[in-house]
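Here is a short note for a colleague who has not looked at this structure before. Please read it with the model open.

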Amino acid sequence: PEQRAWHALMDSRREAWEAMVPALSVDYAPATAPAEVSILVGNRGSDDAWTAGPARICFDLAALQENYGDANTAENSARIDRFFRHEFTHILQKAWLVDHPAKMDTPTERALFEMWAEGLGNRESLSSKWIDAEGKPTETAREALDALGPKMLERIQALRCATPAQERELTRDLSSGRFDRKWGALPVALWLAQQEAREPGYTRKFVARGPDAVYFLMGTYLPEAQRDEMIRWGATADPKCRDQPER
């Protein structure tokens, strides 16, 4: 019954979700989402929500119930809308990437792509706990950024010469796990929200520039000492690493 309540909540939001699509699509034009996107509901996927293929969004009712409790609360009604916006953003990204493929040949490029994609998605997941009405980070957000900024630099630097096993470990919590510990997705989402508030229409530029746009946000919002560290190790280039094959 508890899981079916989540299903009923989603079904009740169908028209509202359809109404969100035009605004979500603006930043990805001229790419467009598929004419029909299906919602697959189950209870054995082990994650809250994800996309499968170019036109399907999946929700795990068991995970939603376990992580967020009673579906019939105002908080969870708002939360399920954020989940939809997040996942529909990924549907739009997949349409965009058909004509604008991203480079993902190295560990760094793959991490930057995930930061770009999940940063855009997680921006749609931000509640008032993280961003205030003016688009500024809350105290909770500032504390998370203080903790995650150094970790982001450390991980990106380490990825430049990472083996496949090291890459898997270094990126394990880039965009998964506890929201406040997503060292790649959460800072990018918060910075993107701030930049959009300062420069309306910036998100479209961020989409168009692709994963390298993450460096702009890092260079703009990281503390000065961390920005200087980026300059010292040359953030935009992968080095040739000893004891590893040429990439």
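Predicted model: local features only at pLDDT ≥ 70, side-chain atom pairs only at ≥ 80, totals over all residues.

1. Secondary structure. The chain holds 11 helices and 3 strands. In sequence order the elements run α-α-β-β-β-α-α-α-α-α-α-α-α-α. The radius of gyration is 18 Å, close to the 18 Å that the globule rule gives for 247 residues, so the chain is as compact as a globular protein of that length.

2. Extent and surface. Along its principal axes, the C-alpha trace spans about 55 × 40 × 35 Å.

3. Of the 247 residues, 47% are buried. Where contacts link residues at least 6 apart in sequence, 65% of them join residues at least 24 apart.

4. The largest pocket. What volume does the largest pocket have? The value is about 920 Å³. Its lining is made of 31 residues, and those nearest the centre are Asp-48, Tyr-68, Phe-83, Phe-179 and Lys-182.

5. Make-up of the lining. Which element gives the most to the lining of the largest pocket? That is α4, with 7 residues. At least two lining residues come from each of β2 (49-51), α3 (61-68), α4 (74-99) and α5 (107-123). By class, the lining of the largest pocket has 7 nonpolar, 12 polar and 12 charged residues.

6. A cis peptide bond. The bond between Ala-29 and Pro-30 is cis, with omega about 10 degrees. Pro-30 sits in the loop that runs between α2 (14-25) and β1 (38-42).

7. A loop residue, Thr-171. Where is Thr-171? Its place is the loop between α7 (164-170) and α8 (185-198). Is Thr-171 buried or exposed? The relative accessible area of Thr-171 is 17%, and buried means under 20%, so Thr-171 counts as buried. Leaving aside residues up to four places away in sequence, Thr-171 touches Ala-111, Leu-159 and Trp-183.

How values were computed. Residues numbered from 1 in each chain as written. Heavy atoms only, no water. Helix = DSSP H or I, 4+ residues; strand = E, 2+ residues; numbered from the N terminus. 1 Å grid on protein atoms, 1.4 Å probe; cavity = no way out; pocket = protein on both sides within 12 Å on 5 of 7 lines; lining within 4 Å. Points joined across faces, edges and corners; volume = space filled by probe spheres on them. Nonpolar A, V, L, I, M, F, W, Y, C, P; charged D, E, K, R; others polar. Rg over C-alpha atoms; globule rule 2.2 N^0.38 Å. Buried < 20%, exposed > 50% of the residue type's maximum accessible area, 1.4 Å probe, protein only. Contact = heavy atoms within 4.5 Å.
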